[in-house]
Amino acid sequence: MTESYPEEQEKLDRMYMERALELAAKGRGTTTPNPMVGAVIVKEGRIIGEGYHIRAGEGHAEVNAFKNATEDVAGATMYVTLEPCSHYGKTPPCADKIIEKGIGRVVVAAMDPNPLVAGRGVQKIRDAGIPVTTGILAEKSIQLNEIFMKYIVTETPFVMLKAAMSLDGKIATSTGESQWISCEASREEVHRLRHELTGIMAGIGTVLADDPMLNCRIPGGKQPKRIIVDSHLAIPEDSKLVLSAETYPLIVAVLEGSAQEKQERLKAKGVHILETGADSDGHVDLKELMTKLGAMKIDSILLEGGGRLAEGALKAGIVDKVRFYIAPMLIGGSDAKTPVEGGGVRELCQAWKILDWTAEKIGDDLKITGYIGERR
């Protein structure tokens with residue numbers, strides 16, 4: 001927060017901003033590639049208008065709050081979870097609308113890192129003589145929009161590594177049986193993640209072992225773009241993924257020049273092929289892949305399948321966040337698969353540290369969520 005003011009006023013500002021953040025979260029999964037934003041208008045101690053960004057391409061939170069206002073907003077205070085935009089996109093600048101409506105004060109949670117905004121919205125409002133307070137619950141707003149905050153700056157996807165495992169760290173038995181280690185509540189949440197994130201990624205090993213669909217099964221849910229990392233194009237042409245490519249988008253990442261004839265057959269079935277160079281291990285270069293996926297407007301990825309892919313993603317430095325569901329069971333077996341495979345690290349000082357982690361119970365499972373290295 002850049003300004004100092006009475007403690008009682010700060011308490012009120014935090015209270016109303018909490019409400020604005022609640023509203024913003026209602027747009028989870030539908031605002032991509034835009035951020036989730038909520039707005040609350042307060043006049044003489046009463047909330048007279050509320051709104052949030054419902055869907056990309058539609059009205060922003062501030063505009064919706066003005067539409068829902070029950071009385072004249074002139075002189076009122078507007079609370080908004082992200083800096084009001086100052087540029088013309090699919091909608092006019094919200095900063096201009098705030099000035100036009102005669103708002104008396106604006107309280108902003110987080111500044112917008114979008115190069116098209118980046119402080120210009122707040123400055124435009126201040127230049128119009130309207131006091132602006134910034135930084136109220138900024139961390140909560142940033143965390144809510146962690147996908148947007150990374151993608152708008154780097155133009156590469158925010159990646160969440162997800163796994164379901166037993167208490168002894170196994171994701172399947174030694175015979176490959178894995179359905180179901182996690183409980184129903186955990187599996188339902190994973191489908192919500194598939195709705196919320198733009199893409200879902202798995203390795204070819206998972207495809208060959210499980211023949212998955214990798215779709216969202218929430219009624220009315222948004223379907224993720226399915227991404228398979230398949231260096232030498234081993235994906236079966238009669239797999240569920242390929243047979244459903246016309247219905248659910250399917251991207252297969254391969255090494256440059258791999259199986260050109262098969263590529264053409266897959267393209268004819270609706271599969272999008274992405275070629276990349278090789279990494280130091282001779283596999284698809286995941287950093288290059290992230291750049292290409294980012295250019296396709298894929299701002300977030302749920303990395304769901306394959307211990308080798310998980311290790312490759314960690315080594316490539318593309319993982320931002322982890323979410324592990326731990327079931328209260330012991331599986332054992334030296335050959336049973338684990339969430340992260342490959343060669344691993346030789347020394348503990350090389351291990352990937354999990355920061356800002358939280359733990360909570362979900363159904364019969366324990367859910368651990370945290371961030372890799374420095375938070376972005």
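Lys367 is found in strand E14, which covers residues 365–372; helices (H or I, at least four residues) and strands (E, at least two) are DSSP runs, numbered from the N terminus. This is a predicted model, in which local features need pLDDT of at least 70, side-chain atom pairs count only at pLDDT 80 or more, and totals for chains, interfaces and linings use all residues. Residues are numbered from 1 along each chain as its sequence is written, and side-chain values use heavy atoms, with hydrogens and water left out.

Is Lys367 buried or exposed? Lys367 counts as buried because its relative accessibility is 7%; buried means under 20% relative accessible area, exposed over 50%, and partly exposed in between, with a 1.4 Å probe and protein chains only. The side chain of Lys367 makes a polar contact with the side chain of Glu189, at 3.0 Å. A polar contact is a pair of N or O atoms within 3.5 Å; within protein, one must be able to donate a hydrogen and the other to accept it, and residues adjacent in sequence count only if both atoms are side-chain atoms. Not counting residues up to four places away in sequence, Lys367 touches Glu189, Arg323, Phe324, Tyr325, Thr358, Ala359, Glu360 and Ile362, where contact means heavy atoms within 4.5 Å.

Now step over to Trp357, which is found in strand E13, residues 354–362. Trp357 counts as exposed because its relative accessibility is 55%. Leaving aside neighbours within four places in sequence, Trp357 is in contact with Thr369 and Gly370.

Two strands pair if DSSP finds at least two bridges between them. Axes here are lines fitted to C-alpha atoms, for helices over the stretch in contact, and angles run from 0 to 180 degrees between N-to-C directions.

Strands of a sheet pair through backbone hydrogen bonds, either parallel or antiparallel. At one end of this sheet, strand E9 (residues 250–255) and E10 pair in the parallel sense over 5 bridges, and Ile251 stands opposite His272 in E10.

Let us look at H6 itself. Its buried residues are Glu146, Phe148, Met149, Lys150 and Tyr151. After H6 comes Glu155, whose phi is positive, near 60 degrees.

Back in the sheet, strand E8 (residues 225–229) is mostly covered, with 4 of its 5 residues buried. E7 and E8 pair in the parallel sense over 5 bridges, and Arg226 in E8 is the bridge partner of Ile200.

There is another open sheet to visit, with 5 strands in the order E2-E1-E3-E4-E5 and mixed pairing. Strand E2 (46–52) and strand E5 (132–134) are at the edges, each with a single partner strand, so one side of each is left without a neighbour in the sheet. Neighbouring strands of this sheet are turned by 15 degrees against each other on average, direction ignored. Strand E1 (residues 38–43) and strand E3 (residues 77–82) run antiparallel and are joined by 4 bridges; Val80 in E3 is the bridge partner of Ala39. Helix H4 (residues 120–127) lies across strand E4 (105–110) and E5, running at about 150 degrees to E5. How far apart in space are Trp357 and Ala39? Their C-alpha atoms are 29 Å apart, and the two residues are 318 residues apart in sequence.

Finally, the whole chain: 12 helices and 14 strands. Of its 376 residues, 49% count as buried. Residues 24 or more positions apart account for 70% of the contacts in the chain with a separation of 6 or more.
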